[in-house]
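User: I am new to this structure and would like a close look at a single part of it. Please keep the account plain and define the terms as you go.

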Amino acid sequence: MENLSELSHVNVEENTIFEIQVALEKGELCSRDLVLYYLYRIAQYDQNGPKINSVLEINPDAIFIAEALDAERKSGGPRGLLHGIPVLLKDNIETNDRMHTTAGALALETHISSKDSFLVTKLREAGAIILGKTNMTEWANGMSSDMWAGYSARGGQVLNPYGDFFSGGSSTGSAAAVAANFTMVSVGTETSGSILSPSIQNSIVGIKPTVGLISRAGIIPFSHSQDTAGPMARTVTDAAILLGILSGKDEDDPATWKNPYSTIDYTTCLDLNGLKNANIGIFRKAPLTRYRDNEEYDEVLFENAVIQIKEAGANIIEDKDIPSFDRKWEWNKLNYEFKHSVEHYLQSLPSHLPVHSLSELIEWNKKNAERALKYGQNLLEYREQLNNPSNNSNYILELITDLYHSQNNGIDYAVHTYRLDAMVFPSYVGADISARAGYPSIAIPAGYKGNGRPFGITFAGKAFSESALIRFAFAFEQLTAHRKQPKL
């Protein structure tokens, strides 16, 4: 099959969910054809040609689910905006179907979850089609300090569809698949930078929500204080639609009990004048050492973005200071939480699986070193020997210190002192302090360097300020229209 033009008269590439729903309602397109279209692109470009390698496995029931949702649409109408829309999930999000959940690890390659994660239940109820699972940095970059971002032993290396550039991590496959039009939208997860980084690198929109806006239940953990899932999309519109579906209180996740919204429609925040009279602080003090390499920063593109935000009617607040930004942050909190969370997760796995503790995982990897240990496992080995991870004075002190310096002496300080509605960071340099605070950020395209490498900016704010951040990001996106489709 050379192309899928015979399937419909609608060109779905780069279209928003709103536009696809109009075509579905008019009968110009059906969800079955939409699934076939994305499967074709995955076969043509993800597994062949440039071999982006973003998709780990396809849901074998995706076409059947699409056909059922098409029939439901005809008989009773759509459930909502996600009815019949394909969604890819990062491989650490559990699904109780014919797909596996492995966090990219070969030791779990036969693992099929006994239940859907809370967010997957919400997607299914909304009529979304779970199209498949995406590749990721193995154990969310928790395995080896030498492991390249976007690599897993199970799936190999995810490539950037824009060229020979850093692809970001750890939600790399979720970002690359969206960028390359292998799905309508995807879901990633973040502990610190794992949604924002690949979103910037792959020129898409990524929302890292407030911890507790989306349930953590049914997600292979890294850090119980910082983990969250979040939407990844080509447009702010699609990201906002997906975020509204994913959000909600879960009786099994205490982090969501503080969530002020039982339901929320973020599409009401899609305001072309969203930046008008907003007080936006510009953060310029990030040293180049905060970037993976100097190629991740572009002063001209960042200055252009600041000018464009001002042209959209925002009040630009310069020389904004975050007192704690350059303090010497500690990292053992994440090590202790990884030990506690992953050990607990492994202990809960069915008896037929080969590993049920970090020590068993390490030994299994050693026995299968040729396949499993391309980059070693020094991080797993370091964390395995930590004792009493949830009852350790150093851990407890670092936990409360993190919260104080990232919130009280960090983002909250800047917002209150300068009367800000949001802050803007170049690329994703604000990802870590927002992650430690548990606060939201939105990454959005802001142009391309001379060699074609994507560049972006991040809007960040206080807890549960997603509505405001979506307004600002949407206004910026609509004014600038920076995103360009990669040429595969």
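This is a predicted model: local features need pLDDT of at least 70, side-chain atom pairs count only at pLDDT 80 or more; totals for chains, interfaces and linings use all residues.

Which residue in E8 is the bridge partner of Val205? Please also describe the sheet around that pair.

Analyst: The bridge partner of Val205 in E8 is Ala233. Residues are numbered from 1 along each chain as its sequence is written, and side-chain values use heavy atoms, with hydrogens and water left out.

Strand E7 covers residues 205-208 and strand E8 covers residues 228-233; the two run antiparallel and are joined by two bridges. Strands (E, at least two residues) and helices (H or I, at least four) are DSSP runs, numbered from the N terminus. Two strands count as paired if DSSP finds at least two bridges between them. In general, strands of a sheet pair through backbone hydrogen bonds, either parallel or antiparallel.

E7 and E8 belong to an open sheet of eleven strands with mixed pairing, in the order E1-E3-E2-E6-E8-E7-E12-E13-E11-E9-E10. At its edges are E1 and strand E10 (315-317), each pairing on one side only. On average, neighbouring strands of this sheet are turned by 30° against each other, direction ignored. Axes here are lines fitted to C-alpha atoms, for helices over the stretch in contact, and angles run from 0 to 180 degrees between N-to-C directions.

E8 is also one of the strands that helix H4 (residues 118-125) lies across; the others are strand E2 (86-90), strand E3 (129-134) and strand E6 (185-190). H4 runs at about 175° to E2. Contact means heavy atoms within 4.5 Å.

The loop between helix H2 (31-46) and strand E1 (55-58) holds Asn53. Phi of Asn53 is near 70°, a positive value in a residue other than glycine. Asn53 counts as buried because its relative accessibility is 11%, where buried means under 20% relative accessible area, exposed over 50% and partly exposed in between (1.4 Å probe, protein chains only).

Asn388 also has a positive phi, near 45°, and is found in the loop between helix H12 (378-384) and helix H13 (393-417). Asn388 is exposed, with a relative accessible area of 53%.
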